[in-house]
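Good morning, colleagues. I would ask you to look at the sequence and the structure together while I speak.

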Amino acid sequence: MSEIELRARNFLSVLRHCQHLQMTVERADEDGLVLRLPYSDQIVGNPVTGVIHGGAITTLMDTCCGISTVCYLPEFEICPTLDLRIDYMHPAEPGKPIFGFAECYRVTPTVIFTRGIAYQDDREQPIAHVVGTFMRMGKAVDPAELGKRIDQGDA
């Protein structure tokens, strides 16, 4: 496992809501990040059709874009979401997991720009497109030393 993938897995492991949703890292490297959100009755938005709630997809994509920053930054930094825009193309097919792909396309000293897609079987048939910006706040300086734990795999 690469250092980037290990950092992405460690980052995801400290996000309690992502643990509850059972998200996993499928791939993380210099080209971006892929997360997996398994289908669950708990995240169904329409019980008649079984379609996953848009809020679960938003959570997946915000998390995916946010964690994609570790694919580009040399060390973990605190990078909260500044802005996130999601354009939904069509509902997800019930019973199947959803994958989120995100990449950073521009990194400045203060802001990171990301983009990505949510999809199921084929990335060429996206459920949603996303663009997000994240503020670079620097290394973690809190007592828990979250950044250090994520970089070293102690999370």
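Does S68 count as buried or exposed? In this predicted model, S68 counts as buried, because its relative accessibility is 0%, and the cut-off for burial is under 20%. S68 is located in the loop between α3, residues 54-67, and β5, residues 81-88. Its side chain reaches the backbone oxygen of C65 at 2.6 Å. Leaving aside residues up to four places away in sequence, S68 touches L33, A102, E103, C104 and T114.

Let me turn to strand β2. Strand β2 covers residues 32-37, and five of its six residues are buried, so the strand is largely enclosed by the rest of the structure. What are its pairing partners? Strand β1, residues 24-29, pairs with β2 in the antiparallel sense over five bridges. These two strands, β1 and β2, form a hairpin with two residues between them. Within this pairing, D29 stands opposite G32 in β2. Strand β6, residues 98-107, is also joined to β2 by five bridges, and β2 and β6 run antiparallel. There, R36 has F99 in β6 as its bridge partner.

Finally, I come to an arginine in a helix. R7 lies in helix α1, which spans residues 3-13. Is R7 buried or exposed? R7 has a relative accessible area of 3%, and therefore it is buried. A polar atom of the R7 side chain lies 3.3 Å from the backbone oxygen of L73.

Technical notes. Residues are numbered from 1 along each chain as its sequence is written. This is a predicted model: local features need pLDDT of at least 70, side-chain atom pairs count only at pLDDT 80 or more; totals for chains, interfaces and linings use all residues. Side-chain values use heavy atoms; hydrogens and water are left out. Buried means under 20% relative accessible area, exposed over 50%, partly exposed in between (1.4 Å probe, protein chains only). Helices (H or I, at least four residues) and strands (E, at least two) are DSSP runs, numbered from the N terminus. Two strands pair if DSSP finds at least two bridges between them. A polar contact is a pair of N or O atoms within 3.5 Å; within protein, one must be able to donate a hydrogen and the other to accept it, and residues adjacent in sequence count only if both atoms are side-chain atoms. Contact means heavy atoms within 4.5 Å.
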